[in-house]
Amino acid sequence: MEKLYVPNRGHVIFEDIVFDEKLEAEINQFLREYEHCDILSKYNLPLSNKLLLHGKSGCGKTMTARAITRKLGKKIKVINLGGIVSSKLGETSANIASAFRLVESQEAVLFFDEFDSLGKERDYDNTDSGEMKRVVNTMLQLIDSLPKHSIIIAATNQIDMIDSALIRRFELKLEFRNPSNELLDSFYDKLLAKYPDEYCQVDRKYNISYAEAQDIVFTTVKDNIIVSELSKKVKLVQENNPCLN
């Protein structure tokens with residue numbers, strides 16, 4: 001069972017993520033439902049518990065899933081797709097069913113990253129078509145029977161590859177795009193606020209994802225620190241050896 005899951009890689013603070021206005025409003029609406037679950041239940045209004053996060057790679061889908069889970073005070077179970085794919089083909093449906101049973105008992109969040117790997121269109125022309133159809137059908141049945149207290153979040157960069165019947169099962173479909181220049185500046189500012197000013201000279205690039213911007217910041221700040229430390233060492237050597245000047 002453990003091979004199905006990716007170990008928890010730490011917590012993500014919801015407030016640390018930079019969203020565009022539309023996306024932030026949609027996520028906050030979802031969270032407000034859980035804040036007012038008692039009054040909504042009184043009127044037999046179901047809480048949304050199936051979210052599909054789709055869009056550009058590196059724009060925060062996985063971070064958002066983890067942050068939502070933390071905000072709700074729940075545990076997250078991230079499916080290890082490699083563990084499923086590497087297993088015998090006939091075991092795939094059983095593995096997915098086991099994952100659903102676990103989150104049902106723990107009232108946790110089940111997170112499928114790269115959801116298109118499990119939910120591709122049921123239009124197969126290869127030798128595995130029968131098995132893959134069964135996998136998709138199993139997923140449909142499990143989503144339909146998901147208890148109200150459990151949550152499933154799926155993420156994909158290729159929503160057009162996912163079976164339309166699966167897409168319809170998700171009440172909320174949140175699209176992630178490359179951030180605007182203004183949002184990227186806010187993201188750069190948040191990242192650089194952690195470091196002394198002397199290390200924060202970064203050539204900001206735009207029309208890229210948050211992940212790419214983060215790589216730029218980390219790479220540049222590390223280089224700035226190393227260059228600064230080397231400069232200090234050279235200066236110290238020169239001070240201790242005046243003849244080198």
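**Strand pairing and beyond**

Modeller: I76 stands opposite V109 in β4. Strands are DSSP runs of E, at least two residues, and helices are runs of H or I, at least four, numbered from the N terminus. Two strands pair if DSSP finds at least two bridges between them.

Biologist: Before we go on, what kind of model is this?

Modeller: This is a predicted model: local features need pLDDT of at least 70, side-chain atom pairs count only at pLDDT 80 or more, and totals for chains, interfaces and linings use all residues. Residues are numbered from 1 along each chain as its sequence is written, and side-chain values use heavy atoms, with hydrogens and water left out.

Biologist: What does the chain average in pLDDT?

Modeller: The average is 85, and 83% of the residues score at least 70. pLDDT is the predictor's confidence in each residue, from 0 to 100.

Biologist: Which residues of β4 are buried on each side?

Modeller: V109 and F111 on one side, L110 and F112 on the other. Buried means under 20% relative accessible area, exposed over 50%, partly exposed in between, with a 1.4 Å probe and protein chains only.

Biologist: Why two sets?

Modeller: In a regular strand the side chains alternate between the two faces of the sheet.

Biologist: And α3, what do its buried residues pack against?

Modeller: They pack against α1 (21-35), β2, β3, β4, β5 and β6 (172-176). Among the buried residues of α3 (residues 61-71) are A65, A67 and I68. Just after α3, G73 takes a positive phi of about 70°.

Biologist: New topic. S48: buried or exposed?

Modeller: S48 is buried, because its relative accessible area is 10%. It lies in the loop between α2 (37-42) and β2 (50-55).

Biologist: What is S48 in contact with, beyond its sequence neighbours?

Modeller: Leaving aside neighbours within four places in sequence, S48 is in contact with F30, E33, Y34, E171 and L172. Contact means heavy atoms within 4.5 Å.

Biologist: And I39, where is it?

Modeller: I39 is in helix α2. It counts as partly exposed because its relative accessibility is 43%.
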